[in-house]
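Keep the viewer open as you read.

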Amino acid sequence: MDHFNYQGGILHAEDVPLTRIAEAVGTPVYVYAAATLRRHFGLFQEALAWAPGHLIAFAVKANSNLAVLKLLADMGAGMDVVSGGEYARAKAAGVPGERIVFSGVGKTREEMAAALRGGIRQFNVESEPELAALSEVAVSLGVTAPVAMRVNPDVDARTHAKISTGKAENKFGIPLARAVEVYAEAARLPGIEVVGVDMHIGSQLTDLDPYRQAYARMARLTRELRAEGHDIRRLDMGGGLGIPYRRDNNAPPLPIEWGQVIREAVADLGCEIEVEPGRNIAGNAGVLLSRVIWVKRGEGRDFLILDAAMNDLIRPAMYDAHHDIVPVREPEVVAPLAPFDVVGPVCETGDTFARGAPLPEMDEGDLVAFRSAGAYGAVMASEYNSRPLVPEVLVDGDHFAVIRARPSVDEMLARDSIPEWL
Ligand code: LLP
């Protein structure tokens, strides 16, 4: 469920007409609904209500705007970060270190040190070299690093190959077969305190079975590790629960159902449960609002050329992802729909958002919204083709604020410099 609905013939974000935002801020622009963010975070709280002391660590990579992070942090969210930059964002949004989990396969020593100095709940460690480096960094700072090893359960998440992470052939985690050995090494290393086990098998999962398989393996491993004398007290179950990108197909499982799968698999172990959802909280809380530049009648195809492009929303070009594209002015119920190829102005054919999208008759200057763009939208945007970075707006009830301004062309140019010897 989201809060983008037609009222009086105009698509609104909560109680704000998107036309108003387009006039005030210009297009393209990402628009988020605070109510949806709150609602979705609340669904995870309900889903884990059975697990005392749980942590819902929002995957910052999905949407790292400080205002979004602050809104979630105020509800008690923790943060799952994968870089020094994301760690700094979480701190800047007011998240205490004890609610920040540091994930990622390639943490640098500098990033480890910054997190150890600023406070961290745990590092999800993905390899033996990383473990050794973390030990060194912690010892040099005279502190202890809390660690969960990310274990690769070798299950097929049955999602897009580019976002599947739990197969043995993927770069993530340590193989299950080596886990006992690596934990023994962790226990021997100075500056390391083993606190838990971590898994994350992929993103946009639409089926709970891969989770069931992975969590069963996690439970077995936890028992084994405890028998070896490790104090496993936290289980990080990862993120990855999918969202409905199309209104017309079977919806993926709900957080409450995922929570039950977790409960059935590991509740009896009595661990603190951590989860790292990103897309499920932010995805349907955002739209990308864009204006039609031209309607171009082609040979047997009509093109809707928008002012948004692949640099603003790369998911269709990168993952063949589908985003529903809807007109901001509500079409008449009887309005005939015609197929449009919806494209951006960037000079490559990959800059195509949809082929044959059914839309009512559209004109220059009309507004459209890409649904389900609140996760992995703005964060993956670039300035390709020297298009200034797309801005972001947060709506709450009947008011809105720009939460990231569009840089001017001058600001964009000012970041380059021409050496004096040129
Ligand atoms: N935890 C870890 C360690 C992750 O790598 C990820 C996502 C998450 C949590 C959050 O997963 P989520 O709940 O959002 O599915 N750019 C791609 C998605 C990449 C996901 C990478 N890892 C896309 O646009 O589909």
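## Arg233 and its partner

Arg233 has a relative accessible area of 28%, so Arg233 counts as partly exposed. In this predicted model, its side chain meets that of Asp231 in a salt bridge, with 2.8 Å from N to O. Asp231 is partly exposed too, because its relative accessibility is 46%.

Elsewhere, a single network takes in Asp2, Arg247, Asp324 and Arg371, joined by salt bridges that share partners.

## Charged pairs across the chain

Side chains of opposite charge can pair when their charged atoms come close. How many salt bridges does the structure hold? The count is 27.

One of them is between Asp396 and Arg38, whose closest N and O atoms are 3.1 Å apart. Asp396 sits in strand β20 (residues 392-396) and Arg38 in helix α2 (residues 34-47), so this pair ties together parts that are 358 residues apart in sequence. Asp396 has a relative accessibility of 26%, so it counts as partly exposed. Arg38 is partly exposed as well, with a relative accessible area of 33%.

Another salt bridge joins Glu130 and Lys107, with 2.5 Å between the closest N and O atoms. This pair links distant parts of the chain, 23 residues apart: Glu130 belongs to helix α6 (residues 128-141), while Lys107 is in the loop between β7 (100-102) and α5 (109-118). Are these two partners buried or exposed? Glu130 is buried, because its relative accessible area is 5%, under the 20% cut-off. Lys107 is likewise buried, with a relative accessible area of 9%.

## The nonpolar cores

Now for the nonpolar side chains. The largest nonpolar core has 104 residues, and within it Met79 and Phe123 touch the most other members. Helix α8 (residues 209-227) provides the largest share of this core, 7 residues.

## Phe123 and Ala115

Phe123 deserves a look of its own. Not counting residues up to four places away in sequence, Phe123 touches a set of residues including Phe102, Met112, Leu116, Leu134 and Val147. Lys107, the salt-bridge partner of Glu130, is also among the residues that Phe123 touches.

Ala115 is another residue touched by Phe123. Ala115 has its place in helix α5, and it is buried, with a relative accessible area of 1%. Which residues does Ala115 contact beyond its neighbours within four places in sequence? They are Tyr87, Phe102, Ile120 and Phe123. For a sense of scale, the C-alpha atoms of Ala115 and Arg406 are 30 Å apart in space, and the two residues are 291 apart in sequence.

## Thr352 in strand β18

To finish, select Thr352, which lies in strand β18 (residues 352-359). With 15% relative accessibility, Thr352 counts as buried. Its side chain reaches the backbone oxygen of Thr349 at 2.7 Å. Leaving aside neighbours within four places in sequence, Thr352 is in contact with Pro316, Val342 and Val343.

Methods: Residues are numbered from 1 along each chain as its sequence is written. This is a predicted model: local features need pLDDT of at least 70, side-chain atom pairs count only at pLDDT 80 or more; totals for chains, interfaces and linings use all residues. Side-chain values use heavy atoms; hydrogens and water are left out. Helices (H or I, at least four residues) and strands (E, at least two) are DSSP runs, numbered from the N terminus. Buried means under 20% relative accessible area, exposed over 50%, partly exposed in between (1.4 Å probe, protein chains only). A polar contact is a pair of N or O atoms within 3.5 Å; within protein, one must be able to donate a hydrogen and the other to accept it, and residues adjacent in sequence count only if both atoms are side-chain atoms. Contact means heavy atoms within 4.5 Å. A salt bridge is a side-chain nitrogen of Lys or Arg within 4 Å of a carboxyl oxygen of Asp or Glu. A nonpolar core is a set of buried Ala, Val, Leu, Ile, Met, Phe, Trp, Tyr and Cys residues joined through side-chain atoms within 4.5 Å.
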